[in-house]
Amino acid sequence: MSGKLKLNTHLYLVGARGAGKSHVGKLLAQELDAPFYDVDELIYREQGRSIARIVQEEGWGEFRAMESGTLMRLSTDDAPSVIATGGGVVLDEDNSRLMRNSGVVIYLEVPVPVLVERVKGAVNADHRPPLTDLPLAQEMTQMMREREKLYRAAATAAVDGSLSEQEVTGVVMRLLAGDNS
């Protein structure tokens, strides 16, 4: 265990819904012996209601404010942690700046067709509401057109998130160790 890489700053995972932020984040936290936080899950637990319900009752603006507040709280914790952000966290430049200034930001880059397949298999309107009334493939294409540059601008590095969770974890671990191969 003494040869294990230790996390000395926060590690933020950004990317679209279905990119694997939560699954990869849990694996990274294990590898790094660090706490893991999922921003969406924290909001769900603290609010006692799903994201869909929050959005239905209070709107996307209120949910985004909760997201920013949760991110701010996590980023000011002295103990380095692995943080899976919500897919829309980069819509607020203040969030992107906060992440860049308080840690390493990894963008899990996944092609739209792969995202669609992943999300289609895990759609739960009670937990994660659709962003539009469009069919899923069109919604994901439109969303990535709007957010791709924001993910890249927020990120310290981009990683191919279409690889297996274990492969993505390995790539991120090598990046953290300074091996850019």
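Strand β1, which spans residues 10-14, is mostly covered, with five of its five residues buried. The structure described here is a predicted model. Burial applies to both faces of β1: H10, Y12 and V14 are buried on one side, and L11 and L13 are buried on the other.

Two strands pair with β1. Strand β4 (residues 103-109) is joined to β1 in the parallel sense by five bridges, and within this pairing H10 lies opposite G103. Strand β3 (residues 82-84) also runs parallel to β1, to which it is connected by three bridges.

## R64 in helix α4

Helix α4 covers residues 60-75 and contains R64. Is R64 buried or exposed? R64 has a relative accessible area of 18%, and because the cut-off for burial is under 20%, R64 counts as buried. When neighbours within four places in sequence are left aside, the contacts of R64 are G88, V89, L91 and R147.

## Packing of α4 against α5

Two packed helices are described by the angle between their axes and the distance between the axes. For α4 and helix α5 (residues 93-102), the axes come within 11 Å and cross at roughly 10°. Angles under 35 degrees count as roughly parallel, and the two helices α4 and α5 are therefore roughly parallel to each other. The crossing of α4 with α5 is left-handed.

On the α4 side, the contact is formed by S68, L71, M72 and S75, which meet N95, L98, M99 and S102 of α5. The residues of this contact comprise four nonpolar, four polar and no charged.

Methods:
Residues are numbered from 1 along each chain as its sequence is written. This is a predicted model: local features need pLDDT of at least 70, side-chain atom pairs count only at pLDDT 80 or more; totals for chains, interfaces and linings use all residues. Side-chain values use heavy atoms; hydrogens and water are left out. Buried means under 20% relative accessible area, exposed over 50%, partly exposed in between (1.4 Å probe, protein chains only). Helices (H or I, at least four residues) and strands (E, at least two) are DSSP runs, numbered from the N terminus. Two strands pair if DSSP finds at least two bridges between them. Contact means heavy atoms within 4.5 Å. Axes are lines fitted to C-alpha atoms, for helices over the stretch in contact, and angles run from 0 to 180 degrees between N-to-C directions. Angles under 35 degrees count as roughly parallel, over 145 as roughly antiparallel, 65 to 115 as roughly perpendicular and the rest as oblique. A crossing is left-handed if the near helix is turned anticlockwise from the far one by less than a right angle, and right-handed if clockwise. Ala, Val, Leu, Ile, Met, Phe, Trp, Tyr, Cys and Pro count as nonpolar, Asp, Glu, Lys and Arg as charged, and the others, Gly among them, as polar.
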